[in-house]
Amino acid sequence: MDLLQQYRTDVQKELNSILDYWMTYSVDEGKGGFYGKIDNNNVPDVNAAKGSVLNARILWTFSSAMLLQPNEKYTSMATRAFDYIQAHFYDNEFGGVYWQVDADGNPLNTRKQIYALAFCLYGMSEYFAATKKISALNLSIELYNVIETHSFDNQYGGYFEAFARDWSPLDDLRLSAKDANEKKTMNTHLHVIEAHCNLYKLWPDARLKQKIITLLEIFDDHIVDKNSGHLNLFFDEQWDVKPDVISYGHDIEAAWLLQECSEIVDDEHWINIMRQRAVALTKAAAEGLDNDGGLWYEFEPSKNHLVKEKHWWPQAEAMVGFLNAWQLTGDEAFLQQSYNVWLFTKKYIIDNDKGEWFWGIDNEHTIMPGQDKAGFWKCPYHNARACMEIVKRVQRGLTVSV
């Protein structure tokens, strides 16, 4: 068996394991929906708050799995997520979704984080693709219009980060405590374009297409650093860069996602540009590869400080991103880098005893303590998507563009 077929066989098995894990351990039969937090021993915190991002990513994952390998159990999981988001996260008064509800499903943090709206749009549009349930398409379009109405910056372009429940301004716009408090971020824009493109595949609206092209322009003009090849992460209203850190995982995720977005809108100009940017971003991300095959988390240029942690999600994105670069260039080094990340992940990140992937390891290959196996940020989206991407690419016959 050649490397690609072995790769496909391995990740297909792991995909099934990931999906089985979430079906077995994440469902909150007592209070509805899914547990907000599960530890490394697979013990849920029944009183943990529940995040809209986790639920949206479960929705997307099981909807996407339905499209790849139809299974009534996947349909049940996706429907459970869709129904819970509608019933507990959706704000029927002001539109959009709450950031967080309590364990019983009551509103807890009602801020409108555009990142969360984008993921709900991403999940709901995928659910429509899988089920053809018209209510999912209608909600997807509604979320898209809410994002455009309240978040789009008509003066300087792009999307503002966050608002209060009634869409009034907030002082603290941060997605998480580790982020800079700036009005615009790479991360939110990456997931807005990802969500918009997923909707466009199902609802090819001319205005939506132009919004996607405008986002490609924003990435090319402001977010991709042409000198370093890395992504700039934080910006003020006028797109002045606020230097922070290099995120190797986001570099490699954006590399293949932006290219995919250009291909979805079928714009030859942007396809050519984003294929070039994909290779440049991949090479930049490769600076974060360690000798063991894994991808480091972040680097702080101002301090010349490498954050010596290897989190689960950059490994997943690296598997796809390096494989994609090989398809673009024919350079076998990229294919080997992708496979090496997978070998690293199998050895150090996957919990072969209790299932799913650990949050990450430190530079001594020790599992990072106190982190979630499932939680507000620890979701099945990155790793399941990576497995599905590789399975699909090998199934349809990988071709090299050059």
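**Stop 1: Phe 128**

Select Phe 128: with a relative accessibility of 10%, Phe 128 counts as buried (under 20% relative accessible area; over 50% is exposed, in between is partly exposed, using a 1.4 Å probe and protein chains only). Phe 128 sits in helix 4, residues 114–131 (helices are DSSP runs of H or I with at least four residues, strands are E runs of at least two, both numbered from the N terminus). Show its contacts (heavy atoms within 4.5 Å): apart from neighbours within four places in sequence, Phe 128 touches Lys 133, Ile 134, Ala 136, Leu 137 and Leu 202. Now draw a distance to Ala 56, which is 72 residues away along the chain; the two C-alpha atoms are 13 Å apart.

Before moving on, some housekeeping. This is a predicted model, where local features need pLDDT of at least 70 and side-chain atom pairs count only at pLDDT 80 or more, while totals for chains, interfaces and linings use all residues. Residues are numbered from 1 along each chain as its sequence is written, and side-chain values use heavy atoms, with hydrogens and water left out.

**Stop 2: zoom out**

Show the whole cartoon and you have twelve helices and twelve strands. The C-alpha trace spans about 55 × 50 × 45 Å along its principal axes. For 402 residues, a compact globule would have a radius of gyration near 21 Å, and the protein's 20 Å agrees with that (taken over C-alpha atoms; the rule is 2.2 Å times the number of residues to the power 0.38). Colour by accessibility: buried residues make up 60% of the 402. Of the contacts between residues at least 6 apart in sequence, 66% join residues at least 24 apart.

**Stop 3: Asn 55**

Go to helix 2 (residues 52–68) and pick Asn 55. Buried or exposed? At 0% relative accessibility, Asn 55 counts as buried. Leaving out residues up to four places away in sequence, Asn 55 touches Phe 34, Lys 50, Ala 81, Tyr 84, Ile 85 and Phe 89.

**Stop 4: two helix pairs**

Select helix 10 (residues 312–329) and helix 12 (residues 381–395), which pack at an angle of about 20° with their axes 8 Å apart. Axes here are lines fitted to C-alpha atoms, for helices over the stretch in contact, and angles run from 0 to 180 degrees between N-to-C directions. Helix 10 and helix 12 are therefore roughly parallel (under 35 degrees; over 145 is roughly antiparallel, 65 to 115 roughly perpendicular, the rest oblique). Among the residues making the contact are Trp 312 and Trp 313 of helix 10 and His 382 and Arg 385 of helix 12.

Next, take helix 5 (residues 134–150) and helix 7 (residues 206–223), packed at about 55° with axes 13 Å apart. That angle makes helix 5 oblique to helix 7.

**Stop 5: two positive phi values**

Most residues other than glycine have a negative phi. Trp 167, in the loop between strand 5 (162–163) and strand 6 (184–185), has a positive phi near 75°. At 11% relative accessibility, Trp 167 counts as buried. Finish at His 365, in the loop between strand 12 (360–362) and helix 12. Phi of His 365 is near 65°, again positive, and at 31% relative accessibility His 365 counts as partly exposed.
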